[in-house]
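Here is a short report on a structure that may be new to you. Look at the sequence and the fold, then read on.

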Amino acid sequence: RTATVWKSLNPFWGEEITLLLPRGFHNLTIYVLDEDTIGQDDVIGKVSLSHQQISAEPRGIDRWLSLAPVNPDQEVQGEIHLELRVPERGHPRVLRCHLIEARDLAPRDPSGSSDPFGRVSCCGHTLETAVIKKTRFPHWDEVLEFELPEGELGEAVLSVEVWDWDIVGKNDFLGQVEFFLDTLCPGPTRGWFQLLPFPSTTEDHGGQLGALRLAVRLLEDTVLPHHHYQPLIQLLTEPILCPAQSPEGTALAVLEEVTSGESRQDVATKLVKIFLDQGLAVPLLDYLTTRELARTSDPNTLFRSNSLASKSMEQFMKVVGLPYLHEVLKPVVNRIFEEKKYVELDPSKMELSRGRRISFKGSLLEVQESSLELLRGYLGDIIDAIVGSVDKCPLPMRVAFRQLRRRVEERFPSAQHEEVRYFSISGFLFLRFFAPAVLTPKLFGLREQHAEPCTSRTLLLLAK
């Protein structure tokens, strides 16, 4: 679930959600809802993508997709485990339908569960199983029998439906599966079958409900036992553990050269995790930053690109320093959210009615001075919190930055470049750690909701 964007028909979330899905999943559906303070939230529409659609684009889907209407009878999921027996001959011919269990059914009750029962129809007769209360994984283990008419079965259909029983009002549909009897093999037919919706009669609204911009990428990972990865780990850590060899031919050097811009974040994330596990994260950062320093002739451009060194340091700070970030920034950020003060320095964007006094002469200046005073107060508190947190800064971060400063001094030793040693550290610590967290607290776990427009503008000015 994303945060709620209030009072907007054009919401921006900017949130990344990771879902661990079973390998055989069928659909991914994203619902857009209108949050109501009282009563149930209203469903605006949905975007549904099949497994085939997502996996057909290895680089991922990234585009606007029209919202489709939501029909409760179409919102089904899960599978049912059945065993069917249709005798070839005999009198009477009795069809046996064994409803064993179901899994991952759609939740229909406010508690997030359902009260499922099975309903089986064949040749004009209908039978039902018992109701299993408060579960999305019911186990019935019931056999329902139907006497088949004599002669050819023709187009006779066996329909197995799953419903959610409600004590008040009508029952909710959970899905169905149908079988043409003449296509069933003699003897038992057993297996898991995907539950399907009723045939759709809803027309395409052609974007009338709005559209959702999505970036969806499917990554299918096969995780092997730990020992299978030892040769790879040994290859990657070799230049760190045996620095005497030429750095150009190492796996890390080659990896750095061939990594494209769009995959650099993923590579950096995995590298940092591997080297943290080996206790070698700081030497890894030293190796990557030293190589980047060797390639940099102008100190003003140092670590300004999204190189593997920059991305790895950024990921390292997030993994190691997130609790520290929370301790330093959370009190000030919470106060900014709670106070909701109007802050604006740009005269073209000022709302004079939000200033201290509504007057024509001097009102712009008043709002500007008031905003400047508030910004100085907030910024002073943030700087004081950061400067006063030296002892709380995680030791690995301090060691990494000490090593970075030493390497920068070795690369740019002249007196005219004396400040570069500080800029190299502040470029990471402020531009890639503190400032982004001030700008978007939700993405760093500092707040559960995104800021309202007024507070968002204050955070933007502070981050700048």
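This is a predicted model: local features need pLDDT of at least 70, side-chain atom pairs count only at pLDDT 80 or more; totals for chains, interfaces and linings use all residues.

Arg-103 is partly exposed, at 31% relative accessible area.

## Bridges between loops

Asp-104 pairs with Arg-136 in a salt bridge, and their closest N and O atoms are 2.8 Å apart. Asp-104 lies in the loop between β5 and β6 (116-122). Arg-136 lies in the loop between β7 (125-128) and β8 (139-148). Asp-104 is partly exposed at 35%, and Arg-136 is partly exposed at 22%.

Lys-340 and Glu-452 form a salt bridge too, at 3.9 Å from N to O. Lys-340 is in the loop between α6 and α7 (363-387), and Glu-452 is in the loop between α9 (420-439) and α10 (453-463), so the bridge ties together parts 112 residues apart in sequence.

## The wider count

The whole structure holds 24 salt bridges. Glu-256, Glu-257, Arg-291 and Arg-295 are linked in a network of them.

## Helix α4

Helix α4 covers residues 264-277. Its 14 residues should span 20 Å at 1.5 Å a residue, and its end C-alpha atoms are 20 Å apart, which agrees.

The buried residues of α4 include Val-267, Leu-271 and Phe-275. The buried residues of α4 pack against α2 (230-241), α3 (251-258), α5 (281-295) and α6 (308-339). Gly-279 follows α4, with a positive phi near 75°.

Definitions and conventions:
Residues are numbered from 1 along each chain as its sequence is written. Side-chain values use heavy atoms; hydrogens and water are left out. Helices (H or I, at least four residues) and strands (E, at least two) are DSSP runs, numbered from the N terminus. The expected span of a helix is 1.5 Å times one less than its number of residues. Buried means under 20% relative accessible area, exposed over 50%, partly exposed in between (1.4 Å probe, protein chains only). Contact means heavy atoms within 4.5 Å. A salt bridge is a side-chain nitrogen of Lys or Arg within 4 Å of a carboxyl oxygen of Asp or Glu.
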